[in-house]
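Here is a short briefing to read alongside the structure.

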Amino acid sequence: MNCNFQKHAPLEEFYSFGESMCEYFGHRGSKQLHRGKPVRLGYKIWCGTTSRGYLVWFEPSQGTLFTKPDRSLDLGGSMVIKFVDALQERGFLPYHIFFDKVFTSVKLMSILRKKGVKAIGTVREYRTERCPLKDPKELKKMKRGSFDYKVDESEEIIVCRWHDSSVVNICSNAVGIEPVRLTSRHSGAAKTRTQVHQPSLVKLYQEKVGGVGRMDQNIAKYKVKIRGMKWYSSFIGYVIDAALNNAWQLHRICCQDAQVDLLAFRRYIACVYLESNADTTSQGRRSRRLETESRFDMIGHWIIHQDKRTRCALCHSQTNTRCEKCQKGAHAKCFREYHIR
């Protein structure tokens with residue numbers, strides 16, 4: 001699945017990396033509890049997506065038993081490196097990766113810079129390599145929008161501490177403070193929106209980091225329901241949902257003049273598979289809806305000879321030829337017109 005996802009993935013500059021949860025309520029010990037996700041109980045999956053939510057690469061979390069982390073990184077940082085290596089198999093392009101504090105460290109930023117990959121991520125205080133920034137308690141006493149930052153010029157890494165509704169630490173190897181812009185933020189005390197200063201790397205991070213969340217949202221809307229407690233059942237449903245999400249993302253890019261929502265797209269695919277795998281030898285009237293779904297798809301329609309004459313589906317006169325896929329009679333002169341809207 002990773003090979004197919006990467007083969008058809010759109011080439012973009014911005015990618016997100018994060019954790020996704022595959023829902024599972026059985027008794028297998030490898031399930032995990034994640035309090036920060038909409039799906040709290042199940043299997044954790046490392047995911048790399050585009051900023052729009054196309055799943056490029058994924059791997060189920062197996063802890064450190066089967067996944068040996070890099071010596072200078074923890075498990076999360078090692079997964080980011082694996083995702084970057086998968087991206088660079090397609091070519092050494094100017095990729096820009098966004099991730100949260102679970103993965104970010106100054107060491108990870110340094111390794112990614114040496115690989116030629118840009119990155120931005122929120123970072124926990126103990127992973128800033130004792131960066132001499134203002135104390136969070138002191139920064140909270142200052143005006144909202146205040147910030148402090150330090151730059152390691154040898155490694156070209158910046159660490160910024162910004163005062164929003166709480167104090168946020170953010171690290172980057174590509175984007176700096178300038179330009180500092182004003183942004184509208186909600187004030188709980190005043191119950192209004194106020195203008196605060198926002199560094200450039202914080203603004204870019206907030207705009208591009210949500211790719212994994214968008215994928216989770218699309219999967220959760222109409223996910224496959226498999227009744228069964230086998231440990232692999234939920235994985236099968238998750239992979240099918242991820243593939244449908246990716247196909248829908250590609251359809252939105254390729255067919256901008258004929259946009260359809262996710263529900264209509266999934267329904268169309270289901271109808272096509274039902275028709276293509278239907279038993280054509282059985283008696284009974286076929287659903288007109290299923291015939292309409294695949295009649296105009298321009299795939300696998302061949303004109304063949306039939307022994308028994310039937311009526312042409314277009315001109316309604318007798319014919320001894322039919323469409324192999326639609327199982328409808330059609331003259332050679334009517335065949336093309338019948339399959340075009």
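**Helix packing and selected residues**

Helix H3 passes helix H4 in a right-handed crossing. The model is predicted. The points below are grouped by topic.

**H3 and H4**

- H3 covers residues 75–88 and H4 covers residues 106–114.
- The two helices pack at an angle of about 15°. Their axes are 10 Å apart.
- Angles under 35 degrees count as roughly parallel, so H3 is roughly parallel to H4.
- H3 brings Gly77, Val80, Ile81 and Val84 to the contact. H4 brings Leu108, Ile111 and Leu112.
- By class, the contact of H3 with H4 has six nonpolar residues and one polar residue. It has no charged residues.

**H7 and H8**

- H7 spans residues 211–221, and H8 spans residues 233–254.
- They pack at an angle of about 110°, and their axes are 10 Å apart.
- The range from 65 to 115 degrees counts as roughly perpendicular, so H7 and H8 are roughly perpendicular to each other.
- The crossing of H7 and H8 is right-handed.
- On the H7 side, the contact residues are Met215, Asn218 and Ile219. They meet Tyr238, Asp241, Ala242, Asn245, Trp248 and Gln249 of H8.
- The residues of the contact of H7 with H8 divide into five nonpolar, three polar and one charged.

**H9**

- Helix H9 runs over residues 262–276 and has 15 residues.
- From its first C-alpha to its last, H9 reaches 21 Å. That is close to the 21 Å expected at 1.5 Å a residue.
- The buried residues in H9 include Leu262, Phe265, Arg266 and Ile269. Cys271, Val272 and Glu275 are buried in H9 too.
- An α-helix has 3.6 residues a turn, so residues three or four places apart point the same way.

**Threonine 50**

- Threonine 50 lies in strand S3, residues 41–50.
- Its relative accessible area is 1%. Buried means under 20%, so threonine 50 is buried.
- Leaving aside neighbours within four places in sequence, threonine 50 is in contact with Glu12, Phe14, Tyr15, Val56 and Gly211.

**Arginine 28**

- Arginine 28 sits in the loop between strand S1 (14–23) and strand S2 (32–33).
- Arginine 28 is partly exposed, with a relative accessible area of 39%.
- Not counting residues up to four places away in sequence, arginine 28 touches Tyr43 and Trp231.
- The C-alpha atoms of arginine 28 and glutamine 318 are separated by 62 Å. These two residues are 290 residues apart along the chain.

Technical notes: Residues are numbered from 1 along each chain as its sequence is written. This is a predicted model: local features need pLDDT of at least 70, side-chain atom pairs count only at pLDDT 80 or more; totals for chains, interfaces and linings use all residues. Side-chain values use heavy atoms; hydrogens and water are left out. Helices (H or I, at least four residues) and strands (E, at least two) are DSSP runs, numbered from the N terminus. Buried means under 20% relative accessible area, exposed over 50%, partly exposed in between (1.4 Å probe, protein chains only). Contact means heavy atoms within 4.5 Å. The expected span of a helix is 1.5 Å times one less than its number of residues. Axes are lines fitted to C-alpha atoms, for helices over the stretch in contact, and angles run from 0 to 180 degrees between N-to-C directions. Angles under 35 degrees count as roughly parallel, over 145 as roughly antiparallel, 65 to 115 as roughly perpendicular and the rest as oblique. A crossing is left-handed if the near helix is turned anticlockwise from the far one by less than a right angle, and right-handed if clockwise. Ala, Val, Leu, Ile, Met, Phe, Trp, Tyr, Cys and Pro count as nonpolar, Asp, Glu, Lys and Arg as charged, and the others, Gly among them, as polar.
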